[in-house]
Amino acid sequence: AQANINILKDITPQITAAAPDAIYIIVSNPVDVLTYVFHKISGVPESHIIGSGTILDTSRLQSTLAKRFCISPKNVHAHVYGEHGDSSFVPWSLVHIANNHIDSYKAHSPDHDRIKWNQDYEEIEQFVKTSGAQVIKNKGATFYAVAMSVCHLCKCVQSTAGTALTVSTMMHGEYGIRDIALSMPAVLGLDGVETHVPISLNEDETTRLIQSAEALKGIAEGL
């Protein structure tokens, strides 16, 4: 974290002087902390600063659930919130498969016998958190998936139709969280972050989001 922040602090004044109106997408890790620091030192409008956040984690989540439910990932509405890291979590109360809550879809589906789902929340979350390390172990790096995610993010920013993605942005009192960047759904478009999507989390999910924020603040305060 400290090495990348030192680089960020060195290059930011040069980049922002040359392109003060650009939309900046932070990808390097730890992405939430770097996004937070860039907010603090750049002078760039907040809507023009986007951390890549948990978009790759979310893609992995949707992919593995799609395989379990024998359905296209486009029909899986599930996201990873919080830190792009160990304290991230899935708000399972909001996860839907083809307009059915994840825990009721199997009973209603004609593919009932093919679906591999027994409320395996912890197993799925651990897969999402560790799959990046497994890719690195197998082939040395995760650059292909990261590149695809960032290309998708750039296309959404260039689009005239707003797209909701779990990107890392600053919190301003939502769920009692302030002065840190983490991933929640935000609508992106030509002006960068156009709006944040209001989300109704249950008590446990709110607690996990706050814990994720505190973990990130602990990292930031130690730098």
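Which residues touch the most other members in the largest nonpolar core? Good morning. Before I answer, please note that the model on the screen is predicted.

The largest nonpolar core has 27 residues, and those that touch the most other members are Tyr-36, Phe-38, Tyr-81, Ile-180, Leu-182, Met-184 and Leu-209. Two or more residues of this core come from each of H1, H2, H7 (203-221) and the strands S1 (24-26), S6 (163-172) and S7 (178-189). Helix H2 gives the largest share, 6 residues.

Let us take one member, Tyr-81. Setting aside neighbours within four places in sequence, Tyr-81 is in contact with Ser-88, Phe-89, Pro-91, Leu-94, Thr-166, Ser-183, Met-184, Pro-185, Ile-199, Leu-201 and Leu-209.

I now turn to a pair of helices. Two packed helices are described by the distance between their axes and by the angle between those axes. Here, helix H1 covers residues 2-18 and helix H2 covers residues 31-42; their axes come within 10 Å and cross at roughly 40°. H1 is therefore oblique to H2. The crossing of these two helices, H1 and H2, is right-handed.

Which residues in H1 and H2 meet? From H1 they are Asn-4, Ile-5, Leu-8, Lys-9, Thr-12 and Thr-16, and from H2 they are Val-33, Leu-34, Val-37, Phe-38, Ile-41 and Ser-42. By type, the residues of this contact between H1 and H2 comprise 7 nonpolar, 4 polar and 1 charged. Thank you.

Methods. Residues are numbered from 1 along each chain as its sequence is written. This is a predicted model: local features need pLDDT of at least 70, side-chain atom pairs count only at pLDDT 80 or more; totals for chains, interfaces and linings use all residues. Side-chain values use heavy atoms; hydrogens and water are left out. Axes are lines fitted to C-alpha atoms, for helices over the stretch in contact, and angles run from 0 to 180 degrees between N-to-C directions. Helices (H or I, at least four residues) and strands (E, at least two) are DSSP runs, numbered from the N terminus. Angles under 35 degrees count as roughly parallel, over 145 as roughly antiparallel, 65 to 115 as roughly perpendicular and the rest as oblique. A crossing is left-handed if the near helix is turned anticlockwise from the far one by less than a right angle, and right-handed if clockwise. Contact means heavy atoms within 4.5 Å. Ala, Val, Leu, Ile, Met, Phe, Trp, Tyr, Cys and Pro count as nonpolar, Asp, Glu, Lys and Arg as charged, and the others, Gly among them, as polar. A nonpolar core is a set of buried Ala, Val, Leu, Ile, Met, Phe, Trp, Tyr and Cys residues joined through side-chain atoms within 4.5 Å. Buried means under 20% relative accessible area, exposed over 50%, partly exposed in between (1.4 Å probe, protein chains only).
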